[in-house]
Amino acid sequence: MTTLTDKIVAFLKEHHVAFKLEEHEDTPTSAQAANVRSKMLGIPSEEVLKRAAKSMILRSDGRFFQFVLPGDKKIDFKKVKKILGSTSTSLATPDEVLQVTSVQIGGVPPFGNLFGIPVYLERSMLVNEQLDCNAGSRGISLTMNVADYVTVVKPILSDFAI
């Protein structure tokens, strides 16, 4: 059986993207992931949070979208509604996230393209050289260059974080 992590690795290799995978204990929140990654990478957790790609699945008008933002930021739903041209936008439920991504909340990778849903990237992520994210599991982290991520995922760049 092919796991989502296997699919991500195959996708990145197919596109000749350099990346690094690290296994660790389960980290269901961005703050917990930052603490673990901080020890692995040897940089302060505050810095890790700034470059962490937090992947949020949103529901709007019966469709799902992925919004990827720095781990130290929150989604501004007023901005998201404007971006989507919608009057109603909310976080997907845990069951919906599992249905759309096959991953529980806290392990969703920023590769909505692999799930067939549009991906929006918070423009402020572009200030980082690298990003860290979950790789289809709460216990596997992936590090890659932001420029490579933008090239292969082709997210819609937007300003939606506060």
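**Notes on charged side chains and the overall fold**

1. Let's start with Glu47, which has 40% relative accessibility and so counts as partly exposed (buried is under 20% relative accessible area, exposed over 50%, partly exposed in between, with a 1.4 Å probe and protein chains only). Keep in mind that this is a predicted model, where local features need pLDDT of at least 70, side-chain atom pairs count only at pLDDT 80 or more, and totals for chains, interfaces and linings use all residues. Residues are numbered from 1 along each chain as its sequence is written, and side-chain values use heavy atoms, leaving out hydrogens and water.

2. Glu47 has a partner: its side chain forms a salt bridge with that of Lys50 at 3.6 Å, N to O (a side-chain nitrogen of Lys or Arg within 4 Å of a carboxyl oxygen of Asp or Glu). Both residues sit in helix H3 (residues 45–51), three residues apart, or about one turn of the helix. Helices (H or I, at least four residues) and strands (E, at least two) are DSSP runs, numbered from the N terminus. Lys50 is partly exposed as well, at 39%.

3. There are five salt bridges in the structure. One of them joins the side chains of Glu96 and Arg59, 2.2 Å from N to O. Glu96 belongs to helix H5 (residues 94–101) and Arg59 to strand E2, so this pair ties together parts that are 37 residues apart in sequence. Glu96 is buried, with a relative accessible area of 17%, while Arg59 is partly exposed at 26%.

4. Glu22 and Lys20 make another salt bridge, at 3.2 Å from N to O. Both ends are partly exposed: Glu22 has 27% relative accessibility, and Lys20 has 47%.

5. I'd have a look at Lys54, in strand E2 (residues 53–60). Lys54 is buried but has no salt bridge; Asp72, the nearest side chain of opposite charge, is 7.4 Å away (Lys and Arg count as positive, Asp and Glu as negative, and His and the chain ends are not counted). A polar atom of the Lys54 side chain does lie 2.6 Å from the backbone oxygen of Lys73. Beyond its neighbours within four places in sequence, Lys54 is in contact (heavy atoms within 4.5 Å) with Ser30, Phe67, Val68, Leu69, Pro70, Gly71 and Lys73.

6. Now two backbone points. Asp61 is not a glycine, yet its phi is positive, about 50°. Asp61 lies in the loop between E2 and strand E3 (63–70), and is exposed at 55% relative accessibility. Lys154 also isn't a glycine and has a positive phi, near 55°. Its place is the loop between helix H6 (146–153) and strand E8 (156–158), and Lys154 is exposed at 62%.

7. On the fold as a whole: the chain has six helices and eight strands, in the order α-β-α-α-β-β-α-β-α-β-β-β-α-β from the N terminus on. Among contacts between residues at least 6 apart in sequence, 66% join residues at least 24 apart.

8. Finally, dimensions. The radius of gyration is 15 Å, which agrees with the value near 15 Å for a compact globule of 162 residues (taken over C-alpha atoms, with the globule rule being 2.2 Å times the number of residues to the power 0.38). The C-alpha trace spans about 40 × 35 × 30 Å along its principal axes, and 49% of the 162 residues count as buried.

Terms used: Polar contact = N/O pair within 3.5 Å; in protein donor to acceptor, adjacent residues only side chain to side chain.
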